[in-house]
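Here are a few friendly notes to read alongside the model. Take them in order, and keep the 3D view open as you go.

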Amino acid sequence: MYDCIIIGKGPAGISCAIYLKRFNKNVLVIGKDYGSLGRAKVIENYYGFNSISGLDLAKKGEEQAKNLGIEVITDEVLEIMGLTVMTKNNSYEAKSIFLATGKTNKANISGIDDSLVSYCATCDGFFFRGKKIALIGYGDFMMHEYDVLKNFTKDITIFSNSEENIKDLINGKIKKVFSKDEKKCILVNDTEYLFDGIFVASSNDSMAIAKHLGLITDSNNKFEVDNFKTNIDGIFAGGDAIDGLDQVSTSVSDGAKAAIEINKYLKEE
Ligand SMILES: Cc1cc2nc3c(=O)[nH]c(=O)nc-3n(C[C@H](O)[C@H](O)[C@H](O)COP(=O)(O)OP(=O)(O)OC[C@H]3O[C@@H](n4cnc5c(N)ncnc54)[C@H](O)[C@@H]3O)c2cc1C
């Protein structure tokens with residue numbers, strides 16, 4: 001049992017881990033990649049560095065945490081239930097969780113909005129029992145959602161550009177998603193595909209995590225927090241995953257301040 005599981009190995013997650021380690025807490029950091037920072041070509045406005053590539057800065061942060069004896073693993077979190085965190089091959093339990101998952105990458109498809117699609121198979125799959133549904137996404141998270149949806153219907157068509165080993169798979173760029181005759185329609189090239197429901201499983205979509213847990217999010221899909229506490233006891237969030245400046249400096253600051261709150265919480269428990 002960890003004192004805290006931190007999801008995200010970007011500036012917010014690593015900073016939180018470093019401060020919790022100072023409080024002698026037993027921490028696990030799980031990150032699937034280097035997030036936004038890994039994609040930033042060059043950072044020139046962060047304290048102490050004239051110029052550094054985002055990827056190098058991210059790697060330095062991870063290395064620093066590991067040198068301090070913090071356990072950092074590369075894996076994707078597929079689901080959180082209570083305070084149990086599940087990846088493809090493992091599940092981990094903690095007394096608290098810090099969500100440092102960065103910005104939500106909403107699927108960049110014309111027409112997609114929350115009233116038209118669902119982001120959580122566990123939450124909404126039940127409403128589509130025996131119905132015809134589409135699943136848009138890729139990777140392990142999409143396969144996880146696919147497995148959940150199979151409990152409710154056999155009629156699932158996957159829209160993905162990746163090479164999944166699935167019978168009903170449609171490759172090709174989705175031009176648009178829209179409502180048509182009480183159905184939901186996906187337009188690929190010039191072909192319209194009609195469904196009762198559409199699920200989106202894009203990796204790094206904190207919407208799915210939020211919906212599974214019942215976390216409140218704002219209109220930008222950021223977790224709503226009060227002093228880094230989400231609406232669920234024991235679950236905290238910070239960095240780009242919450243409303244703020246979306247910068248390395250503010251994410252590092254969030255991580256440190258959240259660690260103080262998490263430490264207080266652990267003491268009270
Ligand atoms: C192109 C670009 C240029 C930028 N330039 C600057 C700049 O010049 N200066 C500046 O200050 N900021 C810049 N930024 C912003 C900066 O990178 C972010 O503000 C900062 O990285 C946010 O830190 P974070 O820890 O909150 O999130 P991130 O760095 O995005 O890290 C999120 C972490 O969460 C992990 N994660 C998410 N979902 C899961 C999951 N399901 N399972 C496991 N892990 C998960 C990711 O793998 C990653 O490790 C730039 C961003 C971009 C994209």
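1. Let's begin where the domains meet: seven residues of domain 1 are in contact with six residues of domain 2. Two residues count as in contact if their C-beta atoms, placed from the backbone, lie within 7 Å. On the side of domain 1 that touches domain 2, strand S4 (77-81) and helix H6 (206-213) are the elements that give two or more residues. H6 gives the most to that side, with three residues. (Helices are DSSP runs of H or I with at least four residues, strands are runs of E with at least two, and both are numbered from the N terminus.)

2. What kinds of residue make up this side of domain 1? They divide into two nonpolar, one polar and four charged. Here Ala, Val, Leu, Ile, Met, Phe, Trp, Tyr, Cys and Pro count as nonpolar, Asp, Glu, Lys and Arg as charged, and the others, Gly among them, as polar.

3. A word on the source: this is a predicted model, where local features need pLDDT of at least 70, side-chain atom pairs count only at pLDDT 80 or more, and totals for chains, interfaces and linings use all residues. Residues are numbered from 1 along each chain as its sequence is written.

4. Domain 1 covers 4-105 + 205-268 and domain 2 covers 121-201, with bounds from an automatic or database domain assignment. Their centres, taken over C-alpha atoms, are separated by 30 Å.

5. Now find the ligand: 35 residues surround it, and the closest are Gly8, Gly10, Gly35, Gly102 and Gly239. A residue is near a molecule if its C-beta atom, placed from the backbone, lies within 6 Å of it. Helix H2 (35-39) is one of the elements that give two or more residues to this shell, and H2 gives the most, with four residues.
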